[in-house]
Amino acid sequence: GKGGYDHYMRKEIETQHVSLANGIKGRVGPDGREPDLDDFPPGAFEGVERVQFVACGTSFHAAKYGTQLLNKAGVAAQAFRASEYDDAIPVDRETLVVAVTQSGETADTLAALDRATKAGARTVAVTNVMGSSAAREADDALFIRAGPEIGVAATKTFSSQVVSLSLLAHRVSADAADESPWDDPAAFYDALERLPDHVERVLGREDAAGVADDYLGSDAFFFIGRGLAYPVAIEGALKFKEITYEHAEGFAAGELKHGPLALVTPRTPVFTVVTGDDDETTVTNAREAQTRGAPIVAVSPPDHTVTDAADAHLPIPDTHPDIAGLLANVQLQLLSYHTADRLGRAIDKPRNLAKSVTVE
Ligand code: M6R
């Protein structure tokens, strides 16, 4: 049941510290510097030259996050929307194809997986459902252990995907390099162990409900970010449009001035996701929108300079930059939820959508 919450989505948001703890448990090596994934011991990915992710919707956004982490570690990686993964895209035996799918039953993703298998690629399914088609059809599976998700909007499973993909990225990149490509792996694993606690702290805050009220009735809602914050921005926009039916778009922060800025007015809040120290240019991009009258809502750690520019703030605890995006996304989940709730939407079953899309 809904466990006392008004909606499954709310329950699934509010219990993320538990599902995340479950996804992390036993998966950090004893030295706290590397992943411990049963089916993927050290060396499991030797010979992998490049990684291609295939996924749809929210799972695609998690895949994009994984791509960024692998690229940071020096591994060539790309994320494809599964429906665009056609025969023109080169795949070979040195390519690891990772299908990211919560349900394991999404037709577009299964078709892409099938294509990769036929091309001789090695395949891994990152999924929530044991025994799902993706888990059965891929060479190997990595389970995100989020528990069942009933709400059509993917929330806790995005967070669990990000954690599992981080661990996978660490394993793949360590196997591809002679020595760890990560600057300070202990700092990352320390942040991972503290993640459930950090998520709980975000869940205990009430800023998202207030921001939802303040900007209700806006003409459109924009979300911007760069680097690891970019997948969070486009995920924030997808969740928002999916359950509020309001117009929402996510943009790479640097792209605003190449077209979308024409849409910006005092009636289009710009949610600015900033998760790393190197995001100063994003602050400049947000100010460009602010000059045209747009309210800026910073989604960032408390002391980031973006807060000086912001009209409102959705704060996240200070943590490792590789995992901070997950916390920012929890704030955006709450924002979408509260906005949809104020508008009286069918939050768990938005119109025209299905939890699992089994047609191409
Ligand atoms: O089960 P999957 O992860 O393969 O589903 C992919 C998308 O259909 C799904 O993430 C969809 O975008 C969600 N409803 C978004 O909240």
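Trainee: How far apart are the closest N and O atoms in the salt bridge between Asp-175 and Arg-171?

Mentor: A salt bridge pairs a side-chain nitrogen of Lys or Arg with a carboxyl oxygen of Asp or Glu, within 4 Å. Keep in mind that we are reading a predicted model. Here the closest N and O atoms of Asp-175 and Arg-171 are 3.6 Å apart.

Trainee: Where do Asp-175 and Arg-171 sit relative to each other?

Mentor: Both belong to helix H6, which runs over residues 156–176. Because they are 4 residues apart in that helix, about one helical turn separates them.

Trainee: Are Asp-175 and Arg-171 buried or exposed?

Mentor: Both are buried, and that word stands for a relative accessible area under 20%.

Trainee: How many salt bridges does that rule give?

Mentor: The count comes to 13 salt bridges. One of them joins the side chains of Glu-246 and Arg-345, at 3.5 Å from N to O. Glu-246 lies in the loop between helix H9 (229–244) and strand S7 (248–252), and Arg-345 in the segment after helix H12 (321–342), so this pair ties together parts that are 99 residues apart in sequence.

Trainee: What relative accessible area does Glu-246 have, and what about Arg-345?

Mentor: Partly exposed is the class between the buried and exposed cut-offs, 20% and 50%. Glu-246 is partly exposed at 22%, and Arg-345 is partly exposed at 25%.

Trainee: Which residue does Asp-140 meet in a salt bridge?

Mentor: Its partner is Arg-122, and the N to O distance is 3.7 Å. This pair links distant parts of the chain: Asp-140 is in strand S5 (residues 140–143), while Arg-122, 18 residues apart from it, is in strand S4 (residues 122–127). Asp-140 is partly exposed, with a relative accessible area of 23%. Arg-122 is partly exposed too, with a value of 23%.

Trainee: Which ligand atoms lie by N or O atoms of Thr-101, Gln-102 and Val-152?

Mentor: For Thr-101, a side-chain N or O atom is 2.6 Å from an oxygen atom of the ligand. For Gln-102, a backbone N or O atom lies 2.7 Å from a ligand oxygen. For Val-152, a backbone N or O atom lies 3.0 Å from a nitrogen atom of the ligand.

Trainee: How much of the ligand's accessible area does the protein cover?

Mentor: On its own the ligand has 410 Å² of accessible area, and the protein covers 91% of that. The space the ligand takes is the largest pocket.

Trainee: Is Thr-282 buried or exposed?

Mentor: Thr-282, in helix H10 (residues 280–291), counts as buried because its relative accessibility is 0%. Its side chain makes a polar contact with the side chain of Arg-226, at 2.9 Å.

Trainee: And Asp-183, is that residue buried or exposed?

Mentor: Asp-183 counts as exposed, at 83% relative accessibility. You will find Asp-183 in the loop between H6 and helix H7 (185–203).

Methods: Residues numbered from 1 in each chain as written. Predicted model: local features only at pLDDT ≥ 70, side-chain atom pairs only at ≥ 80, totals over all residues. Heavy atoms only, no water. Helix = DSSP H or I, 4+ residues; strand = E, 2+ residues; numbered from the N terminus. Buried < 20%, exposed > 50% of the residue type's maximum accessible area, 1.4 Å probe, protein only. Polar contact = N/O pair within 3.5 Å; in protein donor to acceptor, adjacent residues only side chain to side chain. Areas by Shrake-Rupley, 256 points an atom, 1.4 Å probe, with all protein chains shown as cover. 1 Å grid on protein atoms, 1.4 Å probe; cavity = no way out; pocket = protein on both sides within 12 Å on 5 of 7 lines; lining within 4 Å. Sits in = over half its atoms within 2 Å of the grid points.
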